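Look at the sequence and the model together.

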Amino acid sequence: MATRKILTPALGALAAVAGLVAGVGLTSSAQAQEQAKDAQSTDLVAAGRDLFNTWSCSACHTLSDAGSSGAVGPSLDNPGLTHDFIVNRVTNGSGPMPSFGGQISEDEIGKLADYIVAVNHKDAKVAAAPAGADHSKQ
Ligand code: HEC
C-alpha cells in the first residue's frame, strides 16, 4: 500500500508527460493529414470542374461551382445526390439525359461524381475527403 501511494503520483506524472507527447505528435500529424486532404480535394475539385465543362454537363445542368445554369436537366446543386447515383446516371443516362458510358472513362466518371458530391458538401470536408481519398487509390 505504501509503495502504491508513492508510485501513483509518479506514474500519474509519467502518464501526463506521455499523454502530452502523444498529444503533440497526434496534433501535428493530424494537421499534416488535414493539409494533405485539403490539397487533394482542391485538385479533385479542379479536375472535376474541368470534366464537367469539357463534357458539356454545364449545357444542361445548373451547378454553382462550375458557374453553369443549364436548365434542360435538374439542378445538380443538390446535397442529396450520392456518388453511386451520379455514376449510374452519367454512365447509363436516363430519359433525355444522354449516357456517357464508353465516352467518358470509368475513372473520369468517378471523378465527376466525387466532384459533384464534394461541391455540394463544401462545409463538410471530413465527409467529402474519404470519397476522394478512396477514389485516388483505384
Ligand atoms: C443534353 C442535356 C444533358 C447533358 C449534356 C447532361 N445531362 Fe444530366 N440530365 C439531363 C436530363 C434531362 C436529366 C433528367 C433525366 C431524368 O429525369 O430521367 C439529367 C439527369 C442527370 C442526373 C440525375 C439528377 C437527378 O437529380 O435526378 C445527374 C447526376 C446528371 N444528369 C449528371 C450529368 C453530368 C455529370 C453530365 C455531364 C457528363 C450530364 N448530366 C450531361 C440532361 C443532360
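The paragraphs below take these topics in turn.

This is a predicted model, in which local features need pLDDT of at least 70, side-chain atom pairs count only at pLDDT 80 or more, and totals for chains, interfaces and linings use all residues. Residues are numbered from 1 along each chain as its sequence is written.

The largest nonpolar core has 16 residues, and F52, L112, Y115, I116 and A118 touch the most other members. Such a core is a set of buried Ala, Val, Leu, Ile, Met, Phe, Trp, Tyr and Cys residues joined through C-beta atoms within 7 Å. At least two of its residues come from each of the helices α1 (2–54) and α4 (106–120); α4 gives the most, with 8 residues. Helices are DSSP runs of H or I with at least four residues, numbered from the N terminus. Leaving aside residues up to four places away in sequence, L112 touches G48, L51, F52, I86 and V90; touching here means C-beta atoms, placed from the backbone, within 7 Å.

Helix α4 also holds G110. G110 counts as buried because 22 other C-beta atoms lie within 10 Å, where 20 or more make a residue buried, 12 or fewer exposed, and anything in between partly exposed.

The ligand is surrounded by 22 residues, the closest being C57, C60, G73, S94 and M97; a residue is included if its C-beta atom, placed from the backbone, lies within 6 Å. Two or more of the shell residues come from each of α2 (57–60) and α3 (83–92). By type, the shell has 15 nonpolar, 6 polar and 1 charged, with Ala, Val, Leu, Ile, Met, Phe, Trp, Tyr, Cys and Pro counted as nonpolar, Asp, Glu, Lys and Arg as charged, and the others, Gly among them, as polar.

Technical notes. Contact = placed C-beta atoms within 7 Å.
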